[in-house]
Amino acid sequence: MIYETMLITGCGGDIALALARIAREADAVRRLIGCDIHADHPGAAFFDTCELLPRANESTYVEGLERIVAAHGVDVIVPMSEAEIAVLLAAGRLGTFAGVPVLTANKLAIETGLDKYATFNRLATHQLGVPWTRIVGEARPLTLPCILKRRRGQGSKDLRLVTTEDEVEITRQTRAGDLWQELLLPEDQEYTCGLYRSRTGETRMIVLRRRLQGGLTGAAVVADSTPFGPLLHGIADALELNGSINVQLRLTADGPKVFEINPRFSSTVRFRDKLGFHDFIWSLLESRGLPIGDYRAPSPGIRMYRSADEVIIG
């Protein structure tokens with residue numbers, strides 16, 4: 001048992017549900033409390049209690065979170081959404097909230113990952129592989145076709161392909177502040193990488209070649225991390241990483257290029273946990289000052305698939 005009572009936000013979402021299952025399977029916590037903006041979700045099947053919490057952008061969010069922490073005697077908080085992490089960061093309450101530890105990566109990694117243009121700038125400064133990236137309204141795309149994406153927030157939300165100069169002009173007027181980004185090819189060479197650096201400076205990684213399904217990794221195969229090692233070590237150095245992040249990249253003819261960093265636990269967290277990459281449990285242990293044990297990377301070629309599950313409540 002690592003903690004007595006854990007609060008995981010966004011408890012109706014896939015990542016929170018995965019973390020709840022990992023915590024149960026590892027006997028890492030005695031009580032699991034969840035919270036979300038609505039109650040119509042399967043969280044009750046995985047959490048001891050599910051509470052309602054306002055959206056992160058509402059003025060009552062912080063007060064609501066404090067209420068839940070106090071009511072249940074929570075002793076660790078795991079925020080799930082980037083919007084919540086951004087609010088806690090802005091409030092200077094990222095490390096601890098209401099006297100309770102908040103489980104995230106370090107501040108620099110979060111500040112960089114929350115802003116996709118900051119991600120491009122920091123990695124480019126450290127001469128790490130990135131696609132060209134420009135701000136809509138400040139510069140035109142270098143080449144067409146290219147990707148249009150939000151500068152902040154969920155990476156796949158409002159993502160689209162821009163192919164013509166007419167589309168460029170419309171986008172310039174309607175989505176100023178968002179990003180043009182190089183279209184990375186081939187599409188079938190997309191990888192999601194778990195990256196963890198311990199408090200002693202040890203870097204652990206797992207690389208999965210993935211196939212998307214409805215915006216999530218629907219299937220993946222373990223890849224040899226050796227060709228990606230220098231890049232991932234470089235990212236950990238550039239971010240002064242402590243904790244867990246998720247790096248998304250494509251392997252191009254010019255080598256691997258990173259198009260996004262998620263400064264939170266990933267939707268593949270349970271895939272990875274089952275393969276021995278226990279980044280959630282390692283984070284919990286290190287937050288308590290406990291040793292995390294050894295890590296043996298899984299063999300390349302192991303396949304995994306996301307499957308549907310039926311949950312009955314009532």
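View A. The model is predicted: local features need pLDDT of at least 70, side-chain atom pairs count only at pLDDT 80 or more, and totals for chains, interfaces and linings use all residues. Residues are numbered from 1 along each chain as its sequence is written, and side-chain values use heavy atoms, with hydrogens and water left out. The pocket is lined by 24 residues, and those closest to its centre are Arg21, Arg270, Arg306, Ser307 and Asp309. Two or more lining residues come from each of helix 1 (14-25), strand 13 (216-222), helix 8 (269-274) and strand 16 (303-305). Helix 1 provides the largest share, 4 residues. Sorted by class, this lining has 12 nonpolar, 5 polar and 7 charged residues.

Terms: on a 1 Å grid over the protein atoms alone, a pocket is an open set of points with protein on both sides within 12 Å along at least five of seven lines, a cavity is a set where a 1.4 Å probe fits but cannot get out, and lining residues have an atom within 4 Å of a point. Grid points are joined across faces, edges and corners, and a volume is the space filled by probe spheres set on the points. Helices (H or I, at least four residues) and strands (E, at least two) are DSSP runs, numbered from the N terminus. Ala, Val, Leu, Ile, Met, Phe, Trp, Tyr, Cys and Pro count as nonpolar, Asp, Glu, Lys and Arg as charged, and the others, Gly among them, as polar.

**View B. The largest cavity holds about 40 Å³ of space.** The structure has 1 cavity of 30 Å³ or more. Residues lining the largest cavity include Lys116, Phe120, Val130, Gln181 and Phe259. Helix 5 (116-125) and strand 15 (255-262) each supply at least two lining residues, and helix 5 gives the most, with 4. The lining has 6 nonpolar, 3 polar and 2 charged residues.

**View C. Helix 3 (residues 82-90) packs with helix 4 (residues 107-114) at an angle of about 125°, their axes 11 Å apart.** Helix 3 is therefore oblique to helix 4. Axes are lines fitted to C-alpha atoms, for helices over the stretch in contact, and angles run from 0 to 180 degrees between N-to-C directions; under 35 degrees counts as roughly parallel, over 145 as roughly antiparallel, 65 to 115 as roughly perpendicular and the rest as oblique. Glu82, Ile85, Ala86 and Leu89 in helix 3 meet Lys107, Ile110, Glu111 and Leu114 in helix 4 (contact means heavy atoms within 4.5 Å). This contact has 5 nonpolar, no polar and 3 charged residues.
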